[in-house]
Protein chains: 2
Amino acid sequence: MAETRWLDEREARAWRGVIGVLQRLIAALERELVRDAGLSGAEYTLLVPLSEAPDGVVRARDLGRMVGWERSRVSHQVSRMEKRGLVAREECGEDARGSMVRLTDAGRASIVAAAPAHVAAVRRYFIDALTDAELEVIGPALERVLGRLPDVYA
Amino acid sequence: MAETRWLDEREARAWRGVIGVLQRLIAALERELVRDAGLSGAEYTLLVPLSEAPDGVVRARDLGRMVGWERSRVSHQVSRMEKRGLVAREECGEDARGSMVRLTDAGRASIVAAAPAHVAAVRRYFIDALTDAELEVIGPALERVLGRLPDVYA
DNA sequence: CCAGGGATGTTGACATGTCATCGAAAGTCG
DNA sequence: CGACTTTCGATGACATGTCAACATCCCTGG
């Protein structure tokens with residue numbers, strides 16, 4: 001095994017910045033979401049693609065692919081949201097194994113009420129803190145990082 | 001209430017990059033850590049500052065500040081790591097409320113064994129995917145984002 | 001001194017996320 | 001068709017993270 005090449009100061013700064021800042025940023029946004037709209041981050045994540053789908057119905061498998069979640073994570077989260085009345089499960093006609101997730105009226109009302117303030121918070125804490133030039137660099141750079149991850153996580 | 005200003009394509013790209021990196025990059029690194037070293041991300045996070053402290057002893061309060069965790073999170077995690085034999089709790093002489101966390105021999109052996117491969121993975125997935133110019137932009141930019149967060153998260 | 005406010009750590013309840021496993025159904029290929 | 005493999009979703013066990021409530025203890029103003 002070759003000798004370990006540790007991170008130099010600039011590398012460590014960028015690395016700590018990414019993980020530390022991003023975790024805090026996400027935490028801050030989620031708190032505002034819970035406080036102002038009564039929705040958790042996980043709930044918001046699933047409600048967005050559901051609200052954009054025709055009739056507000058998406059197959060569980062496709063929902064998972066849209067947000068990058070595994071099957072069991074989707075299943076657990078849908079169960080919790082079903083209890084809260086945000087979504088409902090239905091049978092899938094085309095595939096007897098499948099499960100369709102339907103946005104309820106209450107679910108649609110929640111996401112419609114929550115989205116504007118959430119987008120405004122993303123803008124306030126993240127977009128507005130960066131210059132145009134930085135935005136031009138950060139988007140493509142982070143996409144390149146994602147592209148290099150093992151397929152399982154990509 | 002003013003009309004919502006949604007994110008344009010460039011803004012959405014940067015934002016998706018942030019979310020994706022936080023979730024997938026961290027997940028990929030943690031999986032390698034668990035697979036190769038038998039340590040979770042939370043365990044690694046606490047073991048690093050402990051291994052760098054004199055005698056491997058840090059007060060719980062300071063440990064929390066070093067890694068940006070709240071008190072109860074530190075307490076729960078230390079309890080789990082105590083069960084695994086990675087750390088031990090001791091009384092704090094200077095402050096009877098306090099709790100000192102000591103790295104055990106097994107804990108030190110774990111972090112020493114895990115660190116080289118983990119640093120290599122950070123380099124492989126993150127540092128090496130970025131150019132020097134991008135690193136120069138990203139570090140300071142995210143530090144500016146951090147400065148704009150509510151104090152609780154800063 | 002000492003009463004009250006702040007700091008510290010623990011705990012229980014609960015939400016979230018991962019993994020292994022299971023049963024059922026669909027697809028594949030002889 | 002029939003055996004084998006793959007996909008899909010649900011579930012239980014467990015690790016992690018947040019919040020509120022507590023019990024202690026420190027510190028400061030009067």
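First, a term I need: I call it a polar contact when two N or O atoms lie within 3.5 Å; within protein, one must be able to donate a hydrogen and the other to accept it, and residues adjacent in sequence count only if both atoms are side-chain atoms. With that I looked at A:Ser40, where an N or O atom of the side chain is 2.7 Å from a phosphate oxygen of DNA strand C.

Some housekeeping. I'm reading a predicted model, where local features need pLDDT of at least 70, side-chain atom pairs count only at pLDDT 80 or more, and totals for chains, interfaces and linings use all residues. Residues are numbered from 1 along each chain as its sequence is written, chains are lettered from A and ligands numbered from 1 in the order in which they are written, and side-chain values use heavy atoms, with hydrogens and water left out.

**Entry: DNA strand C**

I stayed with this strand. I count a residue as near a strand if one of its heavy atoms lies within 4 Å of it. DNA strand C has 24 residues around it, and the closest are A:Ser40, B:Arg61, B:Arg71, B:His76 and B:Arg89.

I found two more contacts here. The side chain of B:Arg31 has an N or O atom 3.2 Å from a phosphate oxygen of DNA strand C. B:Arg97 goes for a base instead: an N or O atom of its side chain is 3.1 Å from a base nitrogen of DNA strand C.

Which element gives the most to the surface near DNA strand C? I found that H4(A) does, with five residues. Helices here are DSSP runs (H or I, at least four residues) and strands likewise (E, at least two), numbered from the N terminus.

**Entry: DNA strand D**

Next I checked the other strand. DNA strand D is surrounded by 24 residues, the closest being A:Arg61, A:Arg71, A:Arg89, A:Arg97 and B:Ser40. Of its atoms that come within 4 Å of the protein, 59% are sugar and phosphate.

B:Ser40 puts a polar side-chain atom 2.6 Å from a phosphate oxygen of DNA strand D, and B:Arg80 puts one at 2.9 Å. A:Ser99 uses a polar backbone atom, 3.3 Å from a phosphate oxygen of DNA strand D. Helix H3 (60-67) and helix H4 (71-84) of chain A, along with helix H4 (71-83) of chain B, are the elements that give two or more residues to this surface. H4(B) gives the most, with five residues.

**Entry: the two copies**

**Entry: strands in chain A**

Last, I looked at strand pairing (at least two DSSP bridges between strands). Strand S1 (residues 57-59) of chain A runs antiparallel to strand S3 (residues 99-103) of chain A, joined by three bridges. There I saw A:Arg59 opposite A:Met100. Strand S2 (residues 87-91) of chain A pairs with S3(A) too, antiparallel over five bridges, and A:Ala88 stands opposite A:Arg102.
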